[in-house]
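Subject: Structure for your files

Hello,

Please find the structure below, followed by notes on what was found in it.

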Amino acid sequence: MTDFFQDKRVLVTGVCGTVGRELVRQLLQRYQAAELVGLDNNESELFFLEQEYIDFPNSTFFLADVRDRDKLCRKMRGIDIVFHTAAFKHVILCERSPFEAVQTNINGVQNLIYAACECGVKRAIFTSSDKAVNPTNVMGTSKLMGERLMTAANSNDRDKGPLFASTRFGNVLGSRGSVIPIFREQIRKGGPVTLTDPEMTRFIMSIQEASRLVIDSAVLARGGEVFVTKMPVIRIKDLAEVMIQELSPGYGHDPKKISIEEIGTKPGEKLYEELMTLEETRRTLELPGYFAVSPAFSSLYREIDYTYPEVVGLGVDKPYNSANEDPLTRDRLRDFLSGNRLLDKDPGEVFIPEKRYWGDEKLQRQEDG
């Protein structure tokens, strides 16, 4: 699979986000994509990201917003594969500003579909969320609409246009806005650690694993389906208690003196997470690392064969949600956190460029090479 991208030109939206940034790293360093184009509207972060990949002349980064359809069209010319990770993801902020969420998370997806069709892109993968399943908030609803737009675009194509698909996964531990940085800071200050509800469960995965599975789905996709990533489940209370035990001594605190304070759930927040509905179970194939949910409606103009290598089973007995799965034991949770460096005192590696450049150096290397 690693050679799949070696002759491909790849575009990633939202490259300054957690998953987008990791996609860039893997596509350039592990999968050796022929060319990578990165888009984001975060000027400062994009500047530093470009400095980080100064030694990759096959990478270019541009200021762009998915709300700008014309800009997407210009940047997609000659592109083979698109990974769409740009989105508004914070539940509370989307609740406060639903119009903005619609503009980016729904209209942005439609703009991407239009640009992909106009530019002859071969494959486009949309990164969705567990919150798209039976959504109870604006963010989840907008992600569900993104999935449906991708499936409909694939169904409505009559000219052998792009293949559109989605991949759906849960919490990426350590990502921006995740609970781990919050717990870490609360522990550093000596507590209390705030917990919404002791019965809350969540699907989890590492940043590296999330990005790798998104990349895999681009290879596996047949068109219109939603890939649901298999993930372990944890209790948030267990996460808080393991982090208190492991991190407190490093910050000079006695774990026994750091309390846990229950503050109640946030508006629109679920006690458990869902990655598949009951209706979806009957049209699902189980693969080693995924569930592949085929579209509810067949393609209008072509017949699609939804067969994959290494199919484990046909159909699923019950909806895939965190309430139906056994959570990790605290020992296994500790191993997961440790193995992914999430218990390091400072797990984030902030890139500080050792030199500055203004773009001409990379262009010169391209001309010389």
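Strand S5 (residues 123-129) runs parallel to strand S6 (residues 163-169), and seven bridges join the two. Arg 123 has Leu 163 of S6 as its bridge partner. Strands (E, at least two residues) and helices (H or I, at least four) are DSSP runs numbered from the N terminus, and two strands pair if DSSP finds at least two bridges between them.

The model is predicted: local features need pLDDT of at least 70, side-chain atom pairs count only at pLDDT 80 or more, and totals for chains, interfaces and linings use all residues. Residues are numbered from 1 along each chain as its sequence is written, and side-chain values use heavy atoms, without hydrogens and water.

Both strands belong to an open sheet of 10 strands with mixed pairing, in the order S3-S2-S1-S4-S5-S6-S10-S14-S13-S15. Strand S3 (59-63) and strand S15 (313-314) are at the edges with a single partner strand each, so one side of each has no neighbour in the sheet.

The axes of helix H3 (residues 69-76) and helix H5 (residues 98-119) come within 9 Å and cross at roughly 40° (axes are lines fitted to C-alpha atoms, for helices over the stretch in contact; angles run from 0 to 180 degrees between N-to-C directions). On the H3 side, the contact (heavy atoms within 4.5 Å) is made by Arg 69, Leu 72, Cys 73 and Met 76. Residues of H5 in this contact include Asn 111, Leu 112 and Tyr 114.

Regards
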